[in-house]
Amino acid sequence: MPQGSNSKKKYTYVWVSTIVLIFGIFAVYEITKRVKEGTVVQNDRMNGTKMEEELAFIVNNGKKRKVPAFRFLNQDSVWVTNKDYLGKVYLVDFFFTTCPTICPVMTQNLVQIQNEFKNEANFGVASFTINPRYDSPKRLKEYAAKYGATDKDWNFLTGDQEAIHKLAKEGFYIFANEVEDAPGGFEHSGMFALVDRNGYLRSRVDQFGNPLIYYRGTITEKQGVNAEGETQQITILKEDINKLLKD
């Protein structure tokens, strides 16, 4: 065989080997990166180039946590219950209209999410005031108008204070309490709970495979990270709402 032919084969072999090596290194890098970022989880599946994960149920004492029964007046003085949300994907938050700290940001984030899903008939929000002695239906309606809460399935709910605080603490495990020295007289969590069509609490899992349970409502997408180094979760919340709407 001519010497030139052997040289050509060797060159081709070296070239192919180099390409295989490069792709191998890239694959290892991507897998390592996903492991570090916690994006490799059991039952991952590819949809085009985007990883999709099944949202977890929130389990307590071996049972899936479900929104407990409730019945409160909304901003239009209409009685609203948990059954009114069956068949809808919705968010739950606890706030009060005179809150001088986190509530305005929470409501702004909810309005942004509302606008993102304005064409979704099966999306809603349930916002419970933790200061119902002040937050009458009239004041809740004024608050909704001030922030642009226009979704017909966004109810601002008021009623017995003890019942609402019990719902927050025992129903959602979200802290809410009257504290005399706190700004505005109340302390509460700035988290959002995500509920599926059947009334079950749902969330994505963290890098360890544990449910997030709640989503931070006090950091905007634009802000990105707060002073404590916590990242905004509005982006992933919108992704997860969309997943449940498609179920």
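Both faces of strand S9 are covered: Phe-123, Val-125, Ser-127 and Thr-129 are buried on one side, and Gly-124, Ala-126 and Phe-128 are buried on the other. "Buried" here means under 20% relative accessible area, while exposed means over 50% and partly exposed is in between (1.4 Å probe, protein chains only). With 7 of the 7 residues of S9 (residues 123–129) buried, the strand is largely enclosed by the rest of the structure.

Keep in mind that this is a predicted model, where local features need pLDDT of at least 70 and side-chain atom pairs count only at pLDDT 80 or more, while totals for chains, interfaces and linings use all residues. Residues are numbered from 1 along each chain as its sequence is written, and side-chain values use heavy atoms, with hydrogens and water left out.

**Strand S9 and its partners**

- Helices (H or I, at least four residues) and strands (E, at least two) are DSSP runs, numbered from the N terminus.
- Strands S8 (residues 89–95) and S9 run parallel and are joined by 7 bridges; two strands pair if DSSP finds at least two bridges between them.
- Phe-94 has Phe-128 in S9 as its bridge partner.
- To get from S8 to S9, the chain passes through helix H2 (residues 103–116), and this β-α-β crossover is right-handed. That means that, with the strands pointing away from the viewer, the path from the first strand over the helix to the second runs clockwise.
- On to S10 (residues 154–157): this strand runs parallel to S9, and 4 bridges join them.
- Phe-128 turns up again here, with Leu-157 as its bridge partner in S10.
- Another right-handed β-α-β unit is made by S9, helix H3 (residues 137–147) and S10.

**Aromatic rings**

- There are 14 aromatic pairs in the structure. Rings of Phe, Tyr and Trp (its six-membered ring) pair if their centres lie within 6.5 Å; planes under 30 degrees apart count as stacked, over 60 as edge-to-face and the rest as tilted.
- Phe-57 and Tyr-200 make an edge-to-face pair, 5.8 Å centre to centre with 85 degrees between the planes. Phe-57 is in strand S3 (residues 56–57) and Tyr-200 is in the loop between S13 (191–195) and S14 (201–203), so this pair links parts of the chain 143 residues apart.
- Phe-57 counts as partly exposed because its relative accessibility is 28%, and Tyr-200 counts as partly exposed at 23%.
- Phe-96 and Phe-186 form a tilted pair, 5.2 Å centre to centre with 50 degrees between the planes.
- Phe-96 counts as buried because its relative accessibility is 0%, and Phe-186 counts as buried at 6%.
- Ring pairs also tie Phe-70, Phe-72, Phe-94, Phe-128 and Phe-172 into a cluster.

**Charges over rings**

- The charged end of Arg-65 sits over the Tyr-173 ring, 4.3 Å from its centre. The test is that NZ of Lys or CZ of Arg is within 6 Å of the ring centre and within 35 degrees of the ring normal.
- Arg-71 lies over the face of Trp-79, at 4.0 Å from the ring centre.

**A look at Thr-107**

- Thr-107 lies in helix H2 and counts as buried because its relative accessibility is 3%.
- Leaving aside neighbours within four places in sequence, Thr-107 is in contact (heavy atoms within 4.5 Å) with Tyr-143, Tyr-147 and Trp-154.

**The whole chain**

- The chain has 5 helices and 15 strands.
- Buried residues make up 40% of its 247 residues.
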